[in-house]
Amino acid sequence: MNKPDNNYSRLNRKRGRNRSDKILNILIAVVVLAIIITASIIFLGGDNKNKADVKLPDTTEENSQDDSTSEETDGTDNIDASSEDEDESANSGDESGTDDEEADETTETKEEEEEADPGVVKYESSDDAVVNETIIKTGWEPIGTSQTGEHVSLYDGKSADWQEKISAISYATELPEDALIIWKIKNGGSPQKSIGIVSTKDKVEKYRVYLEWIDEKGWKPVKMDVLNTLDFDY
């Protein structure tokens with residue numbers, strides 16, 4: 001009877017040991033699994049942290065810098081364009097000023113040429129025995145006048161009208177007034193026409209000048225006879 005009991009006891013002890021071994025193995029497996037999980041968490045967490053520590057490019061800052069650069073470039077372009085416009089305007093202004101100056105110079109040159117140009121000079125023969133030739137210049141102009149109102153031709157030897165007649169004769173003969181002897185100034189056939197007979201003081205040059213009054217402009221020479229003598233009825 002005692003032998004079976006011993007066998008039973010050994011069986012029970014063996015079963016107990018097997019159960020303890022299983023439990024121990026399970027605990028070991030749980031511990032190992034826990035270690036693996038913990039290690040994985042540590043490593044994975046570290047990688048994520050490292051990844052998180054990596055600074056991504058700040059596209060906003062770059063875009064801001066790009067925009068700033070673009071604005072600066074645009075500003076420069078605008079300044080350059082403005083400068084070019086100002087330069088063109090200045091050049092245009094300079095060119096315009098040059099053109100105006102050239103136009104003024106051309107006008108002055110024409111005026112000087114017109115003043116220097118006596119116009120067409122005609123020399124005509126005459127049937128009058130005291131006349132060598134008759135001269136007509138298309139360039140003759142009225143000499144101007146200080147007279148106002150209705151013109152009255154005067155032969156008094158002292159009035160403004162008389163003096164302007166002498167000035168017109170001097171202009172036609174191209175001789176100074178103080179170089180002339182005024183032999184006579186008379187009516188030329190109408191109230192606004194006169195004739196002057198003059199000579200140089202040495203009587204070498206002798207002329208008969210025909211004058212015509214132009215309203216508000218004065219006396220104008222229209223014809224001049226070159227005389228060969230002063231011995232005639234005038």
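**View 1. Lys165 and Asp161 form a salt bridge, with their closest N and O atoms 2.2 Å apart.** This is a predicted model, in which local features need pLDDT of at least 70, side-chain atom pairs count only at pLDDT 80 or more, and totals for chains, interfaces and linings use all residues. Residues are numbered from 1 along each chain as its sequence is written, and side-chain values use heavy atoms, with hydrogens and water left out. A salt bridge here is a side-chain nitrogen of Lys or Arg within 4 Å of a carboxyl oxygen of Asp or Glu. Both Lys165 and Asp161 sit in helix H3. They are four residues apart, about one turn of the helix. Helices (H or I, at least four residues) and strands (E, at least two) are DSSP runs, numbered from the N terminus. Lys165 is buried, and Asp161 is too. Buried means under 20% relative accessible area, exposed over 50%, and partly exposed in between (1.4 Å probe, protein chains only).

**View 2. Arg208 and Asp128 meet through their side chains in a salt bridge.** The N to O distance is 3.1 Å. Arg208 belongs to strand E5, and Asp128 to the loop between strand E1 (121-124) and strand E2 (131-137), so the pair ties together parts 80 residues apart in sequence. Arg208 counts as buried, at 12% relative accessibility. Asp128 is partly exposed, at 31%.

**View 3. Glu174 pairs with Lys137 in a salt bridge.** Their closest N and O atoms are 3.0 Å apart. Glu174 lies in the loop between H3 and E3, while Lys137 lies in strand E2, so this pair links parts 37 residues apart in sequence. Is Glu174 buried or exposed? Glu174 is exposed, with a relative accessible area of 59%. Lys137 counts as buried, at 17%. The whole structure holds four salt bridges.

**View 4. The largest nonpolar core has 18 residues.** A nonpolar core is a set of buried Ala, Val, Leu, Ile, Met, Phe, Trp, Tyr and Cys residues joined through side-chain atoms within 4.5 Å. Ile169, Tyr207, Val209, Leu211 and Met224 touch the most other members. Helix H3 (160-173) and strands E3 (180-187), E5 (206-214) and E6 (218-227) each give two or more residues. H3 gives the most, with five.

**View 5. Leu211 touches residues that include Lys165, Ile169 and Trp219.** Contact means heavy atoms within 4.5 Å. Residues up to four places away in sequence are not counted. Other partners of Leu211 include Ala168, Gln192, Pro221 and Val222.
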